[in-house]
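Subject: Structure handover

Hello,

Here is the structure you will be working with. Please open it next to this email and read along.

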Amino acid sequence: MPTLHGFSYSNYYNIPKHALLHKGVSFTENLVYPSAAGYSKLSPALKVPSLTTDDGQHLSEAAVLCEYIEDAYPEKPLLPADPVARNKNRQLMHMAELYLELPNRRLIGYSFSNQPAPEQLIKEVTAVVDRGINSINALATFDPWVLGSEFTMADIYLYYVLTVAEMGGQMTGVDLNERIPGLKAWRIAFAADAVSQRVAADTEANREGFFGYIKSLS
Ligand SMILES: N[C@@H](CCC(=O)N[C@@H](CS)C(=O)NCC(=O)O)C(=O)O
């Protein structure tokens, strides 16, 4: 049985977790924070999530774990079979990470400490996020899922990216629901799914533990 390492408050952790739960794969969760002794063996970059396979291989990086999960557990596919559709799926995931997740992540420290972010930083973040919004608008159909009739990895990836993108939006004033037509209704549908609710409950249960961990770092 594979083991998923990390903590539930991490939006990145929740991406492979949602994929595993969606596919009905049995797995163990190992609650661990990146500063834990020996964690570099699981993730050389000291990032959550990481995964240990059935035969003891350690893998990391959320998008790459998604690929592994799809390859190792092809039942209930989360990527289309057609190469172009498959590529568009990965394209959306990649763009969501580069242009929505990563710029907004630069604001996390300010958000957690309730401090205003410097104006220059807000400007830089907003410029990249504009690209992200244009990218999602160019690719997504939300009909009903992000890339059409099938629920795919891109749905999972974008949904959890929105956690950080929305946190950043509160600081930059960028309203993703307003700027991305169809996003709001899609998100409501996603959140109503039993797997989403399980992941959300686990995230909430880890809130105190996570903020305790953050405090222990300072
Ligand atoms: N590129 C990594 C990023 C994951 C990431 O940033 N995880 C956060 C938790 S949400 C983390 O481990 N942060 C610890 C750190 O940056 O020291 C991935 O795709 O898995």
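The model is predicted: local features need pLDDT of at least 70, side-chain atom pairs count only at pLDDT 80 or more, and totals for chains, interfaces and linings use all residues. Residues are numbered from 1 along each chain as its sequence is written.

Domains

The domain assignment gives domain 1 (3-77 + 207-217) and domain 2 (83-195); such bounds come from an automatic or database assignment. Between the C-alpha centres of domain 1 and domain 2 there are 21 Å. In domain 1, 11 residues are in contact with 11 residues of domain 2, where contact means that the C-beta atoms, placed from the backbone, lie within 7 Å. On the side of domain 1 that touches domain 2, helix H1 (11-23) and helix H2 (62-72) are the elements that give two or more residues. Helices (H or I, at least four residues) are DSSP runs, numbered from the N terminus. H1 gives the most to that side, with 7 residues. By class, that side of domain 1 has 6 nonpolar, 4 polar and 1 charged. Here Ala, Val, Leu, Ile, Met, Phe, Trp, Tyr, Cys and Pro count as nonpolar, Asp, Glu, Lys and Arg as charged, and the others, Gly among them, as polar.

Ligand

Around the ligand are Ser 10, Asn 11, Tyr 12, Pro 34, Leu 46, Lys 47, Val 48, Pro 49, Glu 61, Ala 62 and Ala 63 (C-beta atom, placed from the backbone, within 6 Å of the ligand). H1 and H2 are the elements that give two or more residues to this shell. The shell divides into 7 nonpolar, 2 polar and 2 charged residues.

Helix pairs

The axes of H1 and H6 come within 9 Å and cross at roughly 155 degrees. Axes are lines fitted to C-alpha atoms, for helices over the stretch in contact, and angles run from 0 to 180 degrees between N-to-C directions. H1 is therefore roughly antiparallel to H6 (angles over 145 degrees). From H1, Asn 11, Asn 14, Ile 15, His 18 and Ala 19 meet residues of H6, including Met 153, Tyr 157 and Val 164. The contact of H1 with H6 has 8 nonpolar, 4 polar and no charged residues.

Helix H5 (residues 119-139) and helix H6 (residues 153-172) pack at about 130 degrees, with axes 10 Å apart.

Regards

Terms used:
Contact = placed C-beta atoms within 7 Å. Parallel < 35°, antiparallel > 145°, perpendicular 65-115°, else oblique.
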